[in-house]
Amino acid sequence: MYPHLKDVFNKVINFAFAAVIVMIIIAIMIGVAQLVLSITGLLEFKGISGHYIDFISDILTIYVLVELSRSLIEYFHSHRLRLTFILDAAIIFIIRELLIGLFKHNIEPEMLFALSVFLFVLGALRIASIVVYLKEKELNDLVCEAEK
């Protein structure tokens with residue numbers, strides 16, 4: 001009905017996602033630079049764990065940023081936000097929280113159970129989204145073959 005309005009909308013969305021990707025790339029570069037600079041803190045002898053928990057936490061945070069950027073980059077290929085990439089970022093974030101809580105020994109059993117159930121649900125959603133995507137792709141391939 002309004003093709004011009006749709007074009008404007010697509011351009012605005014593309015610009016917004018591109019700006020977010022640029023910010024995430026800058027954040028990843030700053031995070032990696034801070035990781036390199038924080039290596040000297042690991043040399044301080046404050047017990048065996050020392051500053052390792054902060055180092056591991058920062059690495060896992062960078063993993064979350066990478067997964068989020070993958071979901072946005074995939075948008076430019078398919079013009080859809082793929083649920084699998086978003087679920088990957090959420091799963092990595094939950095695993096990050098579990099690892100940090102377990103490493104610091106300050107996670108309550110109820111929270112451990114809740115995060116484990118949430119992780120299970122996210123995993124089930126990810127598997128279901130892959131199955132739906134494969135079925136959709138198979139159906140699309142059948143339609144393309146029938147049109148030939």
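A residue counts as exposed when its relative accessible area is over 50% and as buried when that area is under 20%, with partly exposed in between. Please keep in mind that the views below come from a predicted model.

**View 1. Met-29 sits within a nonpolar surface patch.** Met-29 has a relative accessible area of 53%, so with the cut-off at over 50% this residue is exposed. Met-29 belongs to helix 1, which covers residues 3-37.

**View 2. Helix 1 and its buried residues.** Helix 1 is built from 35 residues. From its first C-alpha to its last, helix 1 reaches 51 Å, close to the 51 Å expected at 1.5 Å a residue. What lies over them? The cover includes helix 2 (39-42) and helix 3 (52-78).

**View 3. Phe-17 meets Tyr-75 edge-to-face.** The structure holds 2 aromatic pairs, and here is one of them. The ring centres of Phe-17 and Tyr-75 are 4.6 Å apart and the planes stand at 90°, so the pair counts as edge-to-face. This pair links distant parts of the chain, with Phe-17 in helix 1 and Tyr-75 in helix 3, 58 residues apart. Are these two residues buried or exposed? Phe-17 is buried because its relative accessible area is 18%, and Tyr-75 is buried too, at 8%.

**View 4. Tyr-75 also pairs with Phe-76.** Here the centres of the two rings are 5.9 Å apart and the planes make an angle of 75°, again an edge-to-face pair. Phe-76 has 33% relative accessibility and therefore counts as partly exposed, whereas Tyr-75 is buried. Taken together, Phe-17, Tyr-75 and Phe-76 form one aromatic cluster.

**View 5. His-105 has a positive phi.** Most residues other than glycine have a negative phi. His-105 is not a glycine, yet its phi is near 60°. With 73% relative accessibility, His-105 counts as exposed.

Definitions and conventions:
Residues are numbered from 1 along each chain as its sequence is written. This is a predicted model: local features need pLDDT of at least 70, side-chain atom pairs count only at pLDDT 80 or more; totals for chains, interfaces and linings use all residues. Side-chain values use heavy atoms; hydrogens and water are left out. Patches are made of residues with over 30% relative accessible area and no salt bridge: like charges are joined within 9 Å, nonpolar side chains (Val, Leu, Ile, Met, Phe, Trp, Tyr) within 5 Å. Accessible areas come from the Shrake-Rupley method with a 1.4 Å probe; for residues, only the protein chains shown count as cover. A salt bridge is a side-chain nitrogen of Lys or Arg within 4 Å of a carboxyl oxygen of Asp or Glu. Helices (H or I, at least four residues) and strands (E, at least two) are DSSP runs, numbered from the N terminus. Buried means under 20% relative accessible area, exposed over 50%, partly exposed in between (1.4 Å probe, protein chains only). The expected span of a helix is 1.5 Å times one less than its number of residues. Contact means heavy atoms within 4.5 Å. Rings of Phe, Tyr and Trp (its six-membered ring) pair if their centres lie within 6.5 Å; planes under 30 degrees apart count as stacked, over 60 as edge-to-face and the rest as tilted.
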